[in-house]
Amino acid sequence: MTRSSLLAEEVVSVTVTGQVQETDVAGALRGLEDGSSSVRLRAALAVGTAPDPRFVGKLVERCAVEPEFFVRDMLTWALTRHPVSSTLPEMLREVRSERAQARSQALHTLSKIGDGRAWPAITGALLADADDEVARSAWRAAVVLVPYGEESALAAALATQLGRGDRETQLSLSRALVELGEAIVPALHAATSDADPGVRAHALATERLLRDPDTGFGYAIEEAKRVVALGGAGQEGP
């Protein structure tokens, strides 16, 4: 039997019994660092199935360095299974990390936890983070955590990022803005007069998505670019 198989058996014992013994903790913690992504995935599943405060630190540590998307997603799920009193302080520290993946994953986890006390941590610096993945995670977290009455201010902050990045990044921003509903209209309308044609096109495409959520972003952005090229950016309003 291989070392990975032995670790997988140790991890499964946590899941099957639902009770965390010292040997289970040790096996699960080793599993989270195993060289096999399948073992790491099972370890994350196990510690989320049988939450224990002793797991939180290692889960947070792994979020910052885990290379596989599906494992990271399971790590986040495992964290959401633990008490907010244990996880929230850790996430608030991680959003200030120098490591981009740590910031991004912490923001993603905060959006899943959904505790409004995290709102002050969603700073303008994070919304405009130089790393696209961090910024995208910040946008998603912001629209989940924004307090009632702050939607327009958030829309104005998000609108400063219009025109940024590749199509996936722009789609993420448009989706975040649309989640805010009619509060985004003034900010988008102002952006349609921006000096940058990329900003104008992105604003118009987002307006289109707000009006017709079934419109594909690819179509919306290409149509918006044509409008801008024809000099009609300011003619499409809310």
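Visitor: How are two packed helices described?
Guide: Axes are lines fitted to C-alpha atoms, and angles run from 0 to 180 degrees between N-to-C directions. Two packed helices are described by the angle between their axes and the distance between the axes.

Visitor: In this predicted model, how are α9 and α11 oriented to each other?
Guide: The axes of α9 (residues 132-145) and α11 (residues 167-179) come within 9 Å of each other and cross at roughly 10°. Angles under 35 degrees count as roughly parallel. Therefore α9 and α11 are roughly parallel.

Visitor: How many charged residues does the contact of α9 with α11 have?
Guide: On the α9 side, the residues include Asp132, Arg136 and Arg140, and they meet residues of α11, among them Glu168 and Glu179. By class, this contact of α9 with α11 holds four nonpolar and two polar residues, and the number of charged ones is five.

Visitor: What is the handedness of the crossing of α6 and α7?
Guide: Helix α6 spans residues 84-94 and helix α7 spans residues 100-113; their axes come within 8 Å and cross at roughly 145°. The crossing of α6 and α7 is left-handed.

Visitor: Which element gives the largest share of the lining of the largest cavity?
Guide: The largest cavity has about 40 Å³ of space, and its lining includes Met91, Glu94, Ala102, Gln105 and Ala106. Elements giving two or more residues to this lining are α4 (53-63), α6 and α7. The largest share is three residues, and it comes from α7.

Notes:
Residues numbered from 1 in each chain as written. Predicted model: local features only at pLDDT ≥ 70, side-chain atom pairs only at ≥ 80, totals over all residues. Heavy atoms only, no water. Helix = DSSP H or I, 4+ residues; strand = E, 2+ residues; numbered from the N terminus. Parallel < 35°, antiparallel > 145°, perpendicular 65-115°, else oblique. Contact = heavy atoms within 4.5 Å. Nonpolar A, V, L, I, M, F, W, Y, C, P; charged D, E, K, R; others polar. Left-handed = near helix turned anticlockwise from the far one by under 90°. 1 Å grid on protein atoms, 1.4 Å probe; cavity = no way out; pocket = protein on both sides within 12 Å on 5 of 7 lines; lining within 4 Å. Points joined across faces, edges and corners; volume = space filled by probe spheres on them.
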